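These are notes for a colleague who has not seen this structure before. Please read the numbered points with the sequence and the model open.

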Amino acid sequence: MSILIDNNTKVIVQGITGRDGAFHTAAMLAYGTRVVGGVTPGKGGQQVCGLPVYDSVREAVDSTGATCSLLFVPARFATAALKEAAAAGLKLVVCITEGIPVLDMIECAHALKQRGARLIGPNSPGLISPGQAKAGIMPGDIHAPGAVGVISRSGTLTYEVVRLLTAAGFGQSTCIGVGGDPIVGSSFTDLLPLFEADRGTRAVVILGEIGGEEEERAAAYIKESMSTPVVSFIAGRSAPPGKRMGHAGAIIAGGRGGPEAKLAAFAAAGVPVAESPEQIPVLLTKILS
Amino acid sequence: MKIHEYQARELFAARGIPLPPGGVAASPAEAADLAAGLKGPVMVKAQVLAGGRGKAGGVKAAAGPREAEAAAREILALRIAGFPVEKVLVSKACVVEAETYLGVTVDRGRRRLVCIASAAGGVEIETLAAEAPDKIRTLALEPGRTPPAPEGFRDLLAPLFPPGRLNEACRVLSRLVGLVLDNDCSLAEINPYALTSEGLLALDAKIVFDDSALDRHPGIAEMRNPEEYSPREIEARAAGLSFVALDGDIGCIVNGAGLAMTTMDLIRRAGGRPANFLDVGGSSNPQKVLNAFRLLTAGEGVKAILINIFGGITRCDDIARGILLSRERINALPPLVIRLIGTNAEQARAILAEAGCTCAEDLDAAVDAAVAAAAAAKDRV
C-alpha cells in the first residue's frame, strides 16, 4: 500500500527535454513508473526516451490521461509551469526546482490549492512508493516495499535513512521529500493524515531539521490525531543561530527554529527522537514490537 | 540578504515612511559634522548586520557635535557579534511618548505574508513572542502582489494608536507592505515605530531580502555588504558550494544540506568539533571537490577531513577522482576519512584502493574515525 502515487499513476515530466528532465525520465521508466509523456513549450512533436513531448500541459493531459506532473523547469519559469499544471487539472504536482522566490511561491501555492492540485515541493527530491513508482530523483535501488512511511525536508539524508531502514528489514510504503524551502506546497501536517489513513502504513518516520516550526506543528497533530506510531530525527542540532545551512528554510533566526522547541514538542507528543540516523531502525523495532 | 539600517532608511524614505533626519558617518569627524547640521541632541548608532547592538554598547545619545564625535570614536572601535563597526548613523534624537512595533514577514505555517504589531515596541519581537505572545497582534495578508489599502489595517492597529494617529499608522504599514511586495523582502521591520514630539517616526529600520529574488532587483542587489559573508563563504559561493565556517577542527565535505547538517551533528555527538558545514551540491565534478578541499585547508586548524557522500545524482567516482586530484595538488593534506555510498560507489572504491585509500560504508564508524584522527593529530602537536 502507499499514498499519492502507485503503479497506476500516469506521470508527465515538465522540462523533459532538459538534461535533468531527460536523465530522470529514463530512471523513472527503469523503475517501472508509468511516465507517459513530457512538456517543453516549443518542442512539441519531439521524443524523449521514446515518449511524446507536448507544447502544453493541456495537450499532454488530453492525449495521455496523466494525473501527476513532475517539474524540472528552471526557477524563472517554474511558477507559471506549476499553475499551468494545475489549470490542466492535474491532481498531484511535484516540483524539483529550487531557488523560486518565496513571495512567488506564496501566491503559487494558494493558486494550486484553489484548483484542487496537491503540490509537493519546491526544492523537493520528489516521492516514491517502493516497488510501484517514483516521481522524483532519488535512487530507486535503496528502497524496498513495506509498511514504513517516510517524510523529510531533505534529500540525501532521506536516502541515508531509507538505506538503513531497508537493511534492517523495514520496507517503505511511500517516502516523500517535502522540500527545503520556507514555503512548500505540502507540509508534514498536510501529509501525516494521508499516512494515518493508509492501511498499508504501520509507522511513520519524520526527518525534520532546524528552521521554521513545522516539526512543532507535526508534533501537535500527532498528539491530537494520530494512532500510527511516529519516530523522528532532527538535523542541524549543532548549527549556530543566524547561519543558513544550505536549505533556504534551514536557519535559526530570531530565536525561532532552534532544535530545543522541536525536541520538546516531539517529547510532549510521545514521539521518540533518534540521536543518529542509525538509531531510527532501532527505535522502530522497539515501537512496533 | 541583510542591509544596514541607514540603507533601509533610504528605502523607507523613498516610500514616504517618516524618519528622524540623519546621515551616515565613517569617522568621528564626519559624525560631528552631521550632528552640527542636525542641531540639538542626536543618537549615534553602530551600523552592523547583527542584532543586539544596544546591549553591546553600539547605541549612544549625544548632546551635540563634540559628544557625537566622542561617541562615534568609541562605537567605531567596537566589534559587535564578530563584525567590526565601520559606519555609524547619526540621527536627530526625539522625545518619545510611546513605542510600538510594526513588522511584515513570511509566515511559513500559514503560507502568507503576515503583519505583526505590538504596543511593546523597542523590545525584540522574538523575546516578546516567547514571553508575552498575547501582546502581539497579527494579520495574515491575502496572497498577491498588491498591498491592502490603509483601511485594511485599521482593525489590527486600532488598539495600539490614539484615534487621531490611526490613519497615519495605517498608511505607514500599507507602505511597508508595498515595500516588501515590490522588492521581495523576507522581513521588514520598524522597531520602534514611535510617537514622538515630531509625530509618528520610524526610529529604526530593518530589511532582509529573499536571496532567490535578488536577480530581478539589481538596485537592491547592489546594496549588498561584503561583510555579510566571510571571504571564504564568498569564495565558496563562487565555486558553487554551500559553506558555513564553524570553529572546530574536523573539516566536512558532504552532498546535500540535510546530510551535511547531520554529519556535523554526529561529529559533535562523538566528542569532536566540526570545522564547517559544506554541501558540494548535486552535480559534482572532480574540480568542485578540489575547490572544497582548497576551501577547508585555507583555514587554519583543520586536523582531519571527513568526506561523506551518498550518491544519488552525485556520482561517487567523480568524488573519488576529486579526492585524488586534491591529494596531488594540495600539499600536506590532513588525514582523510572517506565514506562513499550509492551511485558508482564500487568504481569509487576501486579508484581509491588503487591509490592506497580505504573507504568506510557505515556513517557512525566514519565519524568515529574522523574524531579519532583529529584527536591524534592534536596529540602530535
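1. A residue is called buried if 20 or more other C-beta atoms lie within 10 Å of its own, exposed if 12 or fewer, and partly exposed in between, with C-beta atoms placed from the backbone. Helices (H or I, at least four residues) and strands (E, at least two) are DSSP runs, numbered from the N terminus. On these terms, strand β17 (residues 336-342) of chain B has seven of its seven residues buried, so the strand is largely enclosed by the rest of the structure.

2. This is a predicted model, in which local features need pLDDT of at least 70 and side-chain atom pairs count only at pLDDT 80 or more, while totals for chains, interfaces and linings use all residues. Residues are numbered from 1 along each chain as its sequence is written, and chains are lettered from A and ligands numbered from 1 in the order in which they are written. The scores are ipTM 0.93 and pTM 0.93. For chain B the average pLDDT (the predictor's confidence in each residue, from 0 to 100) is 93, and 99% of the residues score at least 70.

3. Chain B has 13 helices and 18 strands. Its C-alpha trace spans about 80 × 50 × 40 Å along the principal axes. Of the 381 residues in chain B, 48% are buried. The domain assignment, which is automatic or from a database, gives chain B domain 1 (1-19 + 95-227), domain 2 (21-93) and domain 3 (229-380). The centres of domain 1 and domain 3 of chain B, taken over C-alpha atoms, are separated by 42 Å.

4. What does β17(B) pair with? Its partner is β16(B), in the parallel sense and over seven bridges; two strands pair if DSSP finds at least two bridges between them. Within this pairing, Ile307(B) has Ile338(B) of β17(B) as its bridge partner.

5. Leu306(B) belongs to strand β16 (residues 304-311) of chain B. Is Leu306(B) buried or exposed? Leu306(B) is buried, because 30 other C-beta atoms lie within 10 Å. Two residues are in contact if their C-beta atoms, placed from the backbone, lie within 7 Å. Leaving aside neighbours within four places in sequence, the contacts of Leu306(B) include Ile250(B), Cys252(B), Val337(B) and Ala370(B). Ile250(B) is 56 residues away along the chain, yet its C-alpha atom and that of Leu306(B) are separated by 7.0 Å.

6. Two loop residues of chain B deserve a look at the backbone. Asn344(B) sits in the loop between β17 and α12 (345-354) of chain B; its phi is near 60°, a positive value in a residue other than glycine. Asn344(B) is partly exposed, with 17 other C-beta atoms within 10 Å. Lys39(B), in the loop between α2 (28-38) and β2 (42-46) of chain B, also has a positive phi, near 55°. Lys39(B) counts as exposed, because it has 11 C-beta neighbours inside 10 Å.

7. Chain A contains an open sheet of seven strands with mixed pairing, in the order β3-β4-β2-β1-β5-β6-β7. The edges are β3 (47-48) and β7 of chain A, each with a single partner strand, so one side of each has no neighbour in the sheet. Strands β1 (residues 10-14) and β2 (residues 34-39) of chain A pair in the parallel sense over five bridges. Gln14(A) stands opposite Val39(A) in β2(A).

8. Chain A is assigned domain 1 (10-120) and domain 2 (138-288). Their C-alpha centres lie 26 Å apart. The contact takes nine residues from domain 1 of chain A and eight residues from domain 2 of chain A.

9. Where the chains meet, 47 residues of chain A are in contact with 41 residues of chain B. On the side of chain A that touches chain B, the elements giving two or more residues are α4 (102-114), α5 (156-167) and α7 (214-225) of chain A. The largest share, six residues, comes from α4(A).

10. One runs from Gly121(A) to Pro122(A), with omega near 10°, and Pro122(A) lies in the loop between β7 and β8 (126-129) of chain A. The other runs from Asn191(B) to Pro192(B), also with omega near 10°, and Pro192(B) is found in strand β10 (residues 185-196) of chain B.
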